[in-house]
Amino acid sequence: MKVTDLHVDVISKLLEHPDVRWGDDAPGDVFDTTPNRLEEGGVGLQVFALYLPSQVARDTETLFRAAELFWSEVLTAPRMKLIRKADDIADAHREGKIGAILSLEGADGLQGNLWALRLMHLLGLRLLGPTWNHANWACDGAMEPRGGGLTREGKQLVAECGRFGVLLDVSHLSERGFWDVAGLSSKPIFASHSNVYAYIDHPRNLRDDQLKAIIRQDGMIGITFVPWFLTRREPASIDDVLRHVEYICALGGEANVAFGSDFDGIERHPVGLRHPGQYPHLIEALLKRYPEPLVRGFASDNAERYFTKNL
């Protein structure tokens with residue numbers, strides 16, 4: 001069964017470890033996600049987030065250096081295929097390749113320059129979250145005490161994303177920022193890696209009204225494997241992932257559930273979900289609870305439909 005994953009942080013790891021390469025011989029002690037593990041796990045479509053970690057400058061030069069790493073390391077790995085438009089997804093499947101979509105996690109590096117967004121779009125950028133947990137020039141993040149929404153420049157960013165067909169990711173936004181983006185986006189929004197607030201009241205998780213808003217728009221909710229977004233118990237388990245899936249289904253979101261692992265962005269993992277090669281463990285658990293067509297939706301079909309309709 002094929003899998004779509006809405007969020008991994010391979011590019012950040014490449015920035016943090018400039019002497020390490022990413023390919024068939026990518027070291028598993030550095031990366032959760034490697035080409036071999038993607039293949040082992042049946043991943044057919046993978047979103048690669050471009051996040052500038054605290055160890056590097058969050059400026060435009062570093063942003064483009066990170067985009068270059070996507071091209072020189074990720075896309076040159078065997079079996080990887082760049083996804084720019086809907087037809088590319090079908091082409092990747094037909095060619096037996098893994099589709100790679102470039103996402104920007106936090107617009108800090110754009111530094112308010114919309115020309116930089118246009119260049120990033122030429123380099124393959126198709127998904128964007130306006131900010132990470134903090135506040136930046138575009139919006140406040142989920143962990144920003146002020147709780148502000150989009151700035152004037154942030155609203156211009158959303159409008160420009162609409163013109164270029166860049167889909168908007170609300171996972172790291174403040175509540176006010178979420179509603180600003182939901183109201184202004186010309187395409188259905190998605191949350192690449194967020195869970196259910198009703199179960200775990202972490203600011204990064206989504207409240208019922210937010211989940212319902214995404215469902216109404218026919219967007220996507222990527223259940224993430226971040227342990228502290230799943231449960232207060234340690235270690236987290238696959239059963240904890242299933243609880244969040246079940247909750248979203250109960251809200252009417254069966255067609256809007258996907259997965260956004262956050263592999264390479266976390267140091268602790270649920271038991272049995274240490275890397276993408278272990279996705280079959282999750283699929284097996286889902287099949288014990290849900291009919292196969294529904295599981296195929298969760299695993300990949302829902303997300304592929306979203307991208308095919310909106311890219």
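1. Basis. This is a predicted model, in which local features need pLDDT of at least 70 and side-chain atom pairs count only at pLDDT 80 or more, while totals for chains, interfaces and linings use all residues. Residues are numbered from 1 along each chain as its sequence is written, and side-chain values use heavy atoms, with hydrogens and water left out.

2. Cis peptide. The bond joining Glu-234 to Pro-235 is cis, with omega near -5 degrees. Pro-235 sits in the loop that runs between helix H9 (227-230) and helix H10 (238-250). Helices (H or I, at least four residues) and strands (E, at least two) are DSSP runs, numbered from the N terminus.

3. Positive phi at Asp-218. Asp-218 is not a glycine, yet has a positive phi of about 60 degrees. Its place is the loop between helix H8 (208-217) and strand S8 (220-223). Asp-218 has 24% relative accessibility and therefore counts as partly exposed. Buried means under 20% relative accessible area, exposed over 50%, and partly exposed in between (1.4 Å probe, protein chains only).

4. Positive phi at Asp-262. Asp-262, also not a glycine, has a positive phi of about 70 degrees. The loop holding Asp-262 lies between strand S9 (257-259) and helix H11 (279-287). With a relative accessible area of 8%, Asp-262 is buried.

5. Helices H4 and H12. The axes of H4 (residues 86-95) and H12 (residues 292-310) come within 7 Å and cross at roughly 135 degrees. Axes are lines fitted to C-alpha atoms, for helices over the stretch in contact, with angles from 0 to 180 degrees between N-to-C directions. The two helices are therefore oblique to each other; angles under 35 degrees count as roughly parallel, over 145 as roughly antiparallel, 65 to 115 as roughly perpendicular and the rest as oblique.

6. Residues in that contact. H4 contributes Ala-86, Ile-89 and His-93, and H12 contributes Glu-304, Phe-307 and Thr-308, where contact means heavy atoms within 4.5 Å. By class, the contact has three nonpolar, two polar and one charged residues.

7. Strand S2. Eight of the eight residues of S2 (residues 43-50) are buried, so the strand is largely enclosed by the rest of the structure. S2 pairs in the parallel sense with S1 (residues 3-8) over four bridges, and Asp-5 stands opposite Gln-46 in S2. S2 also pairs in the parallel sense with S4 (residues 98-105), over six bridges; there Leu-50 has Leu-104 of S4 as its bridge partner. Two strands pair if DSSP finds at least two bridges between them.

Terms used:
Ala, Val, Leu, Ile, Met, Phe, Trp, Tyr, Cys and Pro count as nonpolar, Asp, Glu, Lys and Arg as charged, and the others, Gly among them, as polar.
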